[in-house]
Every structure is written in structure tokens, then in C-alpha cells.
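Please read it alongside the sequence and the structure.

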Amino acid sequence: MPILPNMPVLDLVKSFKLKTKQQELLIRVSILCLVYVLAFITRLFSVLRYESMIHEFDPYFNYRTTLYLTQNGFYDFWNWFDYESWYPLGRIVGGTLYPGLMVTAALIYRILHFLRFAVHIREVCVLTAPSVAGSYDNEGVAIFALLFTFYLFVKAVNTGSLAWSLASAFGYFYMVSAWGGYVFIINLIPLYVLVLLITGRYSMRLYVAYNCMYVLGMLLAMQIRFVGFQHVQSGEHMAAMGVFFLLQVFYFLDWVKHMLSDTKLFQAFLRITVTCAVAVGAIALGLGMLSGYISPWTGRFYSLLDPTYAKDHIPIIASVSEHQPTAWSSFMFDFHILLFLFPAGLYFCFKRLSDATIFIVMYGLTSMYFAGVMVRLILVATPAVCLVSAIAVSATVKNLTVLLRSKNKGVQTGSTKGSSSSKASSKALLDQSQPFQKNGAIALLFGAFYLLSKYATHCTWVTSEAYSSPSIVLAARGAHGSRVIFDDYREAYFWLRQNTPPDAKVMSWWDYGYQITAMGNRTVIVDNNTWNNTHIATVGRAMSSYEDEAIEIMRSLDVDYVLVVFGGVTGYSSDDINKFLWMVRIGGGVFPVIKEPDYLVNGEYRVDKGAAPKMLNCLMYKLCYYRFGEMLTEYGKPPGYDRARGVEIGNKDIKLEHLEEAFTTSNWIVRIYKVKPPNNRW
Amino acid sequence: MEAPIRATEFLRFTLLSLLFFVCRSSPSQDLLISNAERRIDLTSHIVKVYLTLKVENAGSTPTSEILLAFPPTQVDHLATVEALVTKGKRKKTTLARLDVKPTELPDAPNGTKYFTIYLSNPLNSGESTTLEVLYLFTHSLEPFPAEIGQSESQLVYYRDSALILSPYHIKQQTTFLKTPSTKVESFTSVEPTNRAGTEMKYGPYEDRPPYSFSPILIHFENNSPFPVVEELVREVEISHWGNLQVTEQYTLVHGGARHKGVFSRVDYQSRPNLNGVSSLRYLLARLPPRVHSVYYRDEIGNISSSHLRTDSRKSELEIEPRYPLFGGWKATFVIGYGLPLQDFLFESSDDRRYLNFTFGCPLLDTVVDKLTVKVVLPEGSKDPSAVVPFTVEQHLETKYSYLDVVGRTVVVMEKKNLVPVHNSPFQVYYTFKPIFMLAEPLMLASAFFLFFVACLAYLHIDLSIRK
């Protein structure tokens, strides 16, 4: 509602004056535009500070596949068997990825080229990112698809329209094609329906929306090869199917109730039907489970329900930092005032309970739980938290402005005729406690404005400081405060790309697999896809064995080069020596000859003189510290002083028998060794 | 009395043989070279030969064509031949450039290849003139051993002849060779041969008949890196809005002795004078003045190790590859920069426009095996024609860039085996109507206009069926 100007204004301005609806549209459009602009430019920090490049690990695979898609077309992409990864097994790329992201980027690229915008596919990929520009990951389109599906589904529930639920099925299809997180939708929506059923909010609208969305969404999802028949065969999707049948029972009961006029008879019938339905469902589920037709829950799903599960059973999942439970500090860091506004928003949702607000509440609560279990799922929770907090802010500001305006109305009764009777009555109530309320409201409004502006600056700061580093290029402050760039990763990958045979096989820890194939264009033994635990364990075993034993493993895998990441010179702490215990654990999980205690001294992980003998002579130690004993890293420290761990290394006289140093980058971050051919016997 | 008869007989014989040669349309016996001095510079990987010839017309007819002969193995590596003639007498000498063209002769012995120098004024009988000839060879130093370790120095072979190959009789000749260091492993001796410091002297040799040849082999140390650009594509895009955008794609390789075995960073960093002396650490590119928005990147992103120094006359871009290049190691990269258009685009007298730009590779002291220069003319340009001071292969292409409808005409010029001497200006002429400049802004403006009209229409038209 506009506040009409009381004072006389120029006729000219009056003639340009907009109607209420137009004013609202103008304000809405301009606010949204400002939000988009801010959201866009905060994401550009990494591009401005570094360059337009792909970040981190997984995005490199996505980029490589997108490049393949744009160069070779969709059918080749869909049938792509990648010989360059998981040597000698290979990977069926088309059947083991979610193609939504790549197809979206390729489509944008095609459209831009059709309109004759000669952009490079890399630029499209860099800007198709969920967080900052460059992190070209599935979440980039998946978060949008997730919210779009939810929006359409709630719209379908509100209207009961087939068109909306059809649209939400397609939204769901897009989500399935984009990210494995679609399991969240296929469990949250049935849960929501169940809650509506329990709270007695069953309606024909709900029936139409859910049935159409579920059946069509399921059929569409089956078109994605990676998902296949999981909707009918996997334990994680059974809740949706159960709710689907439950809805049919509800509908049937409704019909019977309509037909039977006798309440008593209906009650008896209800009891029998519900019991039968539940029993049949339970038996079907049990049979499916027993016969193996329905697969049990996967480890990843378990680890969401029980955060300690991965630590004990799946070291590969536990070894990834983004799969760790979220720390309180990072909640505070990321959400700032939203953490306090979130409960307030929930309160306002409960206050105005409707089908839609129930959904928001459920989405907020479940995603908040998942965000607590796994760091990376904060991304899923963020939209919900923003939404709920926005409801809180909006409701607060609205109430406060009502207070303010009600006083104004008292002055200028003549100009506002159409005020509702309820507002008039509230005005009467408010008039009794006037000046305090008015001033309080103004103070509170300013407070809210202050908080929101603080929040915006905090978010910009967080984006710029914490999330804008590409992690391929490392930056540090030099001695004179100048910025020093460590571009060692690309130096090594480009060396591999240019100066090794095109069919060379590179062995490294799986973290660097995607980068080596994308930037180095060479075949790797294992990569970030981590689908074959045994293969990764073999690499872990080679890294943690003595050189003579490791060479046997490497020869059996046809390894030509070994790549290790070493931060001892620069003080870069996420290097292979610090990841080494995970290699031992994962290797030992499959090959019991590798035992974690052999590498520890009294349960302590050391690399200096007091380290365990197995540690000092295993392949990883030798490759990282080869000839490091001659190196002076820091003034006033002995040669061979490891800056990442702050100790002088324990084994300075490292001899390599079967490998030779092929390349070391300028800051020693990446070291590449060549496997020598076997000695001639004659 | 015998002697005069013999003399006349000899004269008759020579005359006969001369006649015989004239009939075979070979002009060689008319001319002779009274003095030849050759200086071969072996200090870098481009072999520079300076040849001073004193040519005498001993025949009776004036001639204006002088032949240079090259063995077929050298001709493949010959990048350029230039000839200058000294004019004027004593103190007022000036140098004038002469035309040099490859020539085929039917009776060339052992596949000898020829170049003809065309004198501006015919050389009359009995006259003599002094020619300065400069020619350059690429890929003529053969590393031996072909593979070296990181701490070894690079040794190369150079093959040539102690005598200058020529279709003419040479009365007196000397050859000087300059090696980069005093370290010479071995050399063929053709008496008289002297070596002092970095210089070797073959000769003087007196009265050698045509096509004399005496192969020599010199094995010496040459630790300079051999930067070879296997392929260079330069794209020059003209925008009449005031910018000239240049994009250069390099495939660089170190053409010296191949690297063998270990690359040890610790040795390379701590003893740079002993380790990897022949490695290629950085390159210098000389760019035009007033260059802006320079970038240096490759397929996987920006390369941060580069420095740009500019002054009013030139710009120098110092680039380091991501890693030092040892023999046989490769690096591909792209350099791009913008230039103000008014420095390079001019209007010719016949109302056409022409671009005046430098052919060749801006990297100093590099050999380019294959160069492609693409001049992208603005959309709507017509009748392109290129003027290049040497022979190049030419064709036209079409390129689509931002907001192009009919595409831009691209003049493509290709040349093989280039050395820095080829960095000479060339021109591309074309006609262009300035009205075409407005096409793209108008398209964008109309697109936005239509968008806003659509928004207006959407807000004002009620499309619902129900009222």
C-alpha cells in the first residue's frame, strides 16, 4: 500500500505517478535486480583476484566432460567410455554421472553461439557455479532445480492443478539429472505428504499433486542412466512409494466413506483396510529386501543418519574434509544473523499455518539437520534458512510499519478511505499506548536495517575471504607484504601434458586424479570418482610400502609416472604427507599387510628422527623428501627443515632404486617421478 | 715461335669452350670472382653467413645476373638470402639492395640449387663490382651427443665446405668461422687452417675452379638455448572502433640436444651456472609501442611469470614458460594484446584502407618453422589484397565473432622457415563503408528495444480467458 503524499506536488510529477500495482512491480523488480547484481558480483571475487578458471577438484571433471560434450555432441558423450581414468578398468562416463550440469552449460554455450556471442566454453562453466565463480559443480544447477521443484510442488498442492504438478515432475527430472541430492526431494516430499495426512490436511489437491509428480517424476528419472531403476529397487526411494500407496488407500477410504452412510460400519472397515494395507506393505518390503530386489541403504545414506558411521566403516568417505560434521563456528561464520532469525521465522510460519508454510518448516528443519551432519550440505540448507529468516524479517518489518502507519492514518483520515475494518480496530487499540510504540517501532526498524546491512557486508566479506580461493593457485603474503603466487599445480600438470608420452599412466593419490586428466591430459590410476575402493586401496598400499614392494604393484598397474604433492618447502599443509595416514587406513582396509600402528610411534604421527622406521622408508616418504635433506628452506634452520610440519626430517639420505626424479615444480609443491624400465638381464 | 701458337691455340680453345657454354645458356664463364671472403657466425642457433664477393666480368657481353650456388642439403635450411651492392667510390659508398630470386638451371651438378642476384646496372665487360651477400640457415647445428643430462653442456656439429660453392672461378677466397666459446672438440683441417680463440680461418685458397667443394665438420660447444617455434598463428583483428587485437598462438620447442634422465630441481636452483646451462628460462618478445591489455596464457589458464616494460618507442614483454625448457621439451602458449588502431590503419590514395603491420614473430632470436598470419577484417569489408615483401601462400577465410551476421573476411598468409629478418612490414588493402560500423550497436539497441516493448505489452495486455 502506498503512502500518498499529503503535500501539494507538481502536476508534472502527478501525471507520471504510478498506480499502486505498478509501484509495487517497480519496487519488486528493482529490489530483485539489486539482489541479483549483488549476488553476481560477490561471486566474481575469485575471477577478479585470480582469473577466470575452474576451481578445486570435481569441477575439473565436470569441465572436462562439458568440453567433450561440446566437441563431440550428446550421443558420443552419452556413450563415452573414458580410457583415461581408472586404468586399466576405465570408466563408463555416460552411465556414471549426472549430466544435468554439463548439458545445461553446453546448452547455454550453444545458445550464445547461435546469437553470435563468441564466448569460450570455459567462461560459461566458470559462471555456472553454486558458490563463487569457478566452482563448476553439480550443485550449481542442482540447488536451483531443488528449489524450483519445491516451488512447483507447493504451487501444485496449493492449486491442485495437474499442470503445476506436471511442471514439478519435470523440475524433479532436472534435479535428478543434475545431482545425487535428489534423494532429499524424494524423501522430503513423501514426509511432507505424510505430515499433511497425519495433521488431517488431506485434500484432493494433495492427491493430484503428489500422484502426478511421483509417477511422472519416477518415470522421467529412470531415463538418467546413473539412476536407472533405483526408484523401484533401492531402499532409499521406498518411502516415496509407500506414501504413494498410502495416498491410494486414503482415497479409497474417502470414497468408501462417501458411499457408506453408516459411521460404525466405516470405522470397522477403516481398521481392517489400514491393517491390511500396512501388513501388505511391510510384507512386500520384507520380501523385496530378502530377495535382494530392493537394495539396502547405501553407506552414504547411513552416514547421513549416523555421523559416526563413515568413520568406522567407510574411510574413503570419512577422509574427505567436506564430509565432516559441521563445526559450530562454521555455522556462525556462514549464517551470521540467520541463525537467530531462523527460529523466529519458524515461529511466524507456525503462526500462519498453511500447506505451504508446513512445507517451509519441514524443509528448513530437515536441511538444517543435514547441514549439521555434513559440511557440504550447508549448501542445501542455505536457501531454506534464507527463506525462513526472510519470513521473520518480513513479518517483523510489516508489523512495525503497521504500527507506524496506523498513527499516520490518524492524522490523515481523509485520504485513506479503503482501510479495512480490522486495521481500524487495531488502530484504536494502538492509539492508547502511542508515543512509546511509535518510537520503539522506529528504533526497531533502524535496528533491523542495521542488522541486515551488517549481514550483507558480512556475507560479502566471507565470500571474498573464505570461498574465493581457487585452490589450484595458492597465494601467500611475501616478506614485503606483496602477494606471492604459487602456481605449481598447473606447472606440473602442463609439464605432464607437454613432455610425457600421450599414453603415459600417472599414479597419484585419488585427490588429484580429475585434475591430472583434465589439465595434464594423461591417464590416471584412480580419481575423485572413488567408485572402486580396492583400486584406491592398491594405490594406498603402493604408497605405504617399501620401494621394492611398491615397484611390483606399480609395474602390475603399468605406472609410468608417480606424482606426489609436497608442502615442506612452502609450508603448504594439505599435502600428501598429511594425507598419508588416510592412504594407510584405506590401503589397510583391503590389504591387511598394511597396518596403521607400523607408521606411528606411541600413537603419534611423526616424520622427524623419532618416526617409525616403516614411515621413514615407505615410498611416500621417499618420494616427498627425496634430496630434501640438501635443501635450506628457512634461515637459521638446519637443511631439510620441513616448514609444513615444523620439524627437521628424519631420513636425509634417500636413495631411489626403481624411480628417478622427472620433474619438480619451482616451489616443490608437486614432484613427479618416472618409473625406470626393468634392468636388462643380459 | 711455339709459344704464340700455343697461346692462340689456347685462346681458340677457350673461345670454343666459351661459345660452347654460351650455347648452353650458361653465363658462368663470363664472370669470375676475384676475391671472396666468407664469415660464418655460429654463436646462436641461427647460422649467419656474410659473404663479400668481388665479381669481375671477364666476358665480352654485359651481364646483370650473378648466380649463387648452394648444396641441396643447405637449401632446405636456408631461411633468407639478401644481396647488397656498394655504390659510389671510396668515401661516398652507399649500399643498395638487390633482387634475389631462386633459379632452376638444367645442368646443375649434384642437385645444386641456385639463386640469381639481379644487378640494377649491367656489369660491362672488364668491369667489377663488390657484392655483400647475407644468408641465414636454420636447423643447421646438429646436437652431438643428441641426448645430454642436466649438468652436461651442449655440443653441436656444423657441416659446410671449406671452399665456397660457386659456378664461377674464384681467384682468392677465405672463410672465417666464429664459435660461441673457445671450446671446440674437433674440426676438419683443410690447409691452410688456423684457429685462434673463438675464430677459425680456412684459407686463403687460390684459384679454385667452379663447383669446388671440400667438406668440413666442426664439433663445438654451443650452450645457447635453441628456441624453435614449430607453429605460430598470429591473428590480427581490426575493429574500426579503434582497436587492433593481436592473438598469437605458439608451439615452442627447445630444438637443442634432448634432455636425458633426471631433472633435479635442487641442482637447478642451487647451481644455475653448471646445471641446465642450455635450458630455456625466458623469452623476450618485442611488441609495438602503446600496447595494452597484454595477456599470456595457455590451455589451462594464465601464466603469472611475465613482465612488461614499455616506453615510447617499443614494448618488451619478458615471458617465462611454466617450467624451464630443456632440449626436446615443449610448451604451448598464447600471447594477446591490443594496439591503438591509428598507429596501424591508414587510408591509401585511392580511398581504400590499409593495415600496415609487421610480419614474422615478435620473439627475439627464434626460428619459426611455420607461420600463419590471419588478418581479420571488419564485417562488410570488400576486395582484400595483401602486399608482402616475400612470397607467401595466401587464401581467404570467413570468421564469425561477436554479433556477426555475414561473417568477417580473413586474409590468411602462410610462410615456412622464418627468422627475425622476416619481421618486415606488410600491408593489407580493403574497402570498407563506415556505415557498417553501426550495424552491431543498432542490432543490440533494437534487441533491447524489443525486450522492453515485450515487457510493456505483457504488463498491459490481459490474456486470461475468464473475466
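**Cysteine site in chain B**

Beyond its neighbours within four places in sequence, Cys361(B) is in contact (heavy atoms within 4.5 Å) with Leu232(B), Tyr250(B), Thr366(B), Val368(B) and Asn423(B). The model is predicted: local features need pLDDT of at least 70 and side-chain atom pairs pLDDT 80 or more, while totals for chains, interfaces and linings use all residues. Residues are numbered from 1 along each chain as its sequence is written, chains are lettered from A and ligands numbered from 1 in the order written, and side-chain values use heavy atoms, without hydrogens and water.

- Cys361(B) lies in the loop between strand S26 (353–358) and strand S27 (367–376) of chain B; strands are DSSP E runs of at least two residues, and helices H or I runs of at least four, numbered from the N terminus.
- Cys361(B) is buried, at 5% relative accessible area (buried means under 20%, with a 1.4 Å probe and protein chains only).
- Leu232(B) is 129 residues from Cys361(B) along the chain, with 7.8 Å between their C-alpha atoms.

**Helix H8 of chain A**

- The 21 residues of H8 (residues 139–159) should span 30 Å at 1.5 Å a residue, and the end C-alpha atoms are 29 Å apart, which agrees; the expected span is 1.5 Å times one less than the number of residues.
- Gly160(A) follows H8(A) and has a positive phi, near 70 degrees.

**Chain A overall**

- Chain A has 30 helices and eleven strands.
- Its C-alpha atoms fill a box of roughly 105 × 70 × 60 Å along the principal axes.
- Of the 682 residues in chain A, 47% are buried.
- Among contacts in chain A between residues at least 6 apart in sequence, 68% join residues at least 24 apart.

Definitions and conventions:
Buried means under 20% relative accessible area, exposed over 50%, partly exposed in between (1.4 Å probe, protein chains only).
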